[in-house]
Amino acid sequence: MTTAGTPTTSGHGPLSGVRVVELAGIGPGPFAAMLLADLGADVVRVDRPGGPGLGIDPAYDVTNRNKRSVIVDLKAPDGPARVLDLAARADILIEGYRPGVAERLSVGPGDCHARNPRLVYGRMTGWGQEGPLADRAGHDVAYIALTGTLGMIGRPDEPPAVPANLLGDYAGGSLYLVVGVLAALHHARATGTGQVVDAAIVDGTAHLSAMIHGMLAAGGWQDRRGANLLDGGCPYYGTYETADGGHMAVGALETQFYEEFLHLLGLDDMVLARKDWTRWGELRERVAARFKSRTRDEWTALFEGSDACVAPVLSLGEAPHHPHLAARGTFTDHGGITQPAPAPRFSATPTTVRTGPALPGADAGTVARDWGIPDLVTDDLVTEGD
């Protein structure tokens with residue numbers, strides 16, 4: 001564990017003083033490590049020579065913000081030893097290899113725990129460490145397909161809508177890995193014993209649907225797309241196109257919000273349709289026709305200040321400029337890149353974007369100094385600025 005007085009990266013946050021080793025990958029692993037870094041942890045990303053990336057300039061990969069990077073070739077004779085030196089001084093290690101790969105590279109849980117029994121070893125995969133599909137390749141859309149969650153999304157007469165890779169990779173994957181390693185860190189600090197955290201996207205995504213499974217068992221949810229209260233089947237919970245091709249989002253579920261919504265649309269005669277499923281088709285058509293009569297901005301102005309639970313559907317570029325998000329600082333600009341600010345917020349240990357994306361290998365010198373590993377630095381790993 002990190003000892004008192006050990007230098008860490010600048011900045012504050014509730015995880016200040018926690019050391020994390022991230023074995024470089026793409027997708028949910030880096031995002032989980034970014035979240036830990038945003039919360040104040042000293043995250044060292046172990047990049048491979050010419051290793052994986054998003055296919056963009058690393059200077060723009062904000063999932064590597066607030067981190068430091070070293071380059072280690074795990075296939076070189078001394079590569080595993082360099083990683084184990086880091087693991088020996090870390091609180092948490094995160095890897096996203098297929099099952100068995102870390103072991104073959106000699107940086108698996110057994111190797112790491114032999115050096116540091118208190119280490120929390122976080123494993124991020126799609127299928128998990130065991131099961132018939134554990135060794136198979138996959139991506140977000142396949143993982144969420146098997147959990148039943150993808151099949152819930154979209155119109156009933158169209159193929160399921162793909163929710164980017166937010167539902168599987170980041171909600172069912174990254175966030176569950178972070179919860180898991182922080183829970184295990186709490187246990188390790190109480191007992192002195194680390195453990196392995198198996199975070200599988202299929203497990204986390206299935207877990208996200210817990211409420212829906214309860215409703216399904218109780219008869220309050222139909223196991224088909226676009227037929228339920230929260231999946232677009234309800235005419236007062238969904239999206240509608242406006243005259244200019246924009247869209248408005250409607251979530252007027254409760255009676256008082258529904259009535260205000262209809263009043264502002266000029267559809268007071270449809271109040272009784274709220275609980276009458278036989279009239280939902282008529283209600284949807286009339287609501288759709290009303291929204292098509294004005295632009296998105298006109299409807300936004302009309303509903304502003306109301307409790308009708310209606311909001312404009314904004315693009316990624318528009319979102320940072322919305323008055324509410326701007327007032328809260330939900331987005332921030334760092335190094336010329338507009339990006340989401342760290343979340344959630346803490347009253348005593350505020351977080352911030354301390355540094356931009358870590359460039360591969362750029363921090364070998366400072367990590368070697370701060371973590372007390374002089375052998376980490378070799379001539380081919382030191383870059384300008386160390």
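**Helix packing and the parallel sheet**

Helices H9 (residues 255–265) and H10 (residues 280–291) bring their axes within 11 Å of each other and cross at roughly 50°; axes here are lines fitted to C-alpha atoms, for helices over the stretch in contact, with angles from 0 to 180 degrees between N-to-C directions. Helices (H or I, at least four residues) and strands (E, at least two) are DSSP runs, numbered from the N terminus. This is a predicted model, where local features need pLDDT of at least 70 and side-chain atom pairs pLDDT 80 or more, while totals for chains, interfaces and linings use all residues. Residues count from 1 along each chain as its sequence is written, and side-chain values use heavy atoms, leaving out hydrogens and water.

H9 passes H10 in a left-handed crossing, meaning the near helix is turned anticlockwise from the far one by less than a right angle. On the H9 side, Tyr258, Phe261, Leu262 and Leu265 meet Leu283, Val287, Arg290 and Phe291 of H10, contact being heavy atoms within 4.5 Å.

Then there's the sheet: six strands, open, in the order E3-E2-E1-E4-E5-E6, with parallel pairing (two strands pair if DSSP finds at least two bridges between them). Strands E3 (67–71) and E6 (195–200) sit at the edges with a single partner strand each, so one side of each has no neighbour in the sheet. On average, neighbouring strands are turned by 20° against each other, direction ignored. Three bridges link E1 (residues 19–23) to E4 (residues 92–95), and glutamate 22 has isoleucine 94 in E4 as its bridge partner.

Helix H2 (residues 79–88) lies across E1, E2 (42–47), E3 and E4, at about 150° to E1. Helix H13 (residues 364–371) lies across E1, E2 and E3, running at about 105° to E3.
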